[in-house]
Amino acid sequence: MRMPVFAFAALIALTVAGCSHPAQTTAATPAAAASTARVATPWDTDLKALARAKSVQNVIDRQAAQQRQQIDAESH
């Protein structure tokens with residue numbers, strides 16, 4: 001009778017120990033952990049494409065402004 005009680009107690013202790021969270025280190029601050037642990041979203045690829053499109057549009061706008069300035073300089 002003693003053995004099943006001991007086995008049951010050991011099983012409970014191992015289950016509780018296995019389900020508990022590991023201790024956090026004091027070196028990592030919550031702000032640093034939040035900035036490095038980013039969760040991927042379904043919209044990441046769309047946001048990257050949007051950022052790239054905006055970057056391309058900015059380059060095109062700058063080139064058009066330079067071309068307008070050159071045309072204005074030549075016509076005056």
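1. From the N terminus on, the elements of the protein follow the order α-α-α. There are 3 helices and 0 strands; helices (H or I, at least four residues) and strands (E, at least two) are DSSP runs, numbered from the N terminus.

2. This is a predicted model, in which local features need pLDDT of at least 70 and side-chain atom pairs count only at pLDDT 80 or more, while totals for chains, interfaces and linings use all residues. Residues are numbered from 1 along each chain as its sequence is written, and side-chain values use heavy atoms, with hydrogens and water left out.

3. The average pLDDT (the predictor's confidence in each residue, from 0 to 100) of the protein is 82, and 74% of the residues score at least 70.

4. Of the 76 residues, 1% count as buried. Buried means under 20% relative accessible area, exposed over 50%, and partly exposed in between (1.4 Å probe, protein chains only). The accessible surface comes to about 7,400 Å², with 65% belonging to carbon and sulfur atoms; areas come from the Shrake-Rupley method with a 1.4 Å probe, and for residues only the protein chains shown count as cover.

5. Ile12 lies in helix 1 (residues 2–19). Because its relative accessibility is 41%, Ile12 counts as partly exposed. Together with Phe8 and Val16, Ile12 makes a nonpolar surface patch of about 310 Å². Patches are made of residues with over 30% relative accessible area and no salt bridge; like charges are joined within 9 Å, and nonpolar side chains (Val, Leu, Ile, Met, Phe, Trp, Tyr) within 5 Å. A salt bridge is a side-chain nitrogen of Lys or Arg within 4 Å of a carboxyl oxygen of Asp or Glu.

6. Thr41 is in the loop between helix 2 and helix 3, and is partly exposed at 33% relative accessible area.
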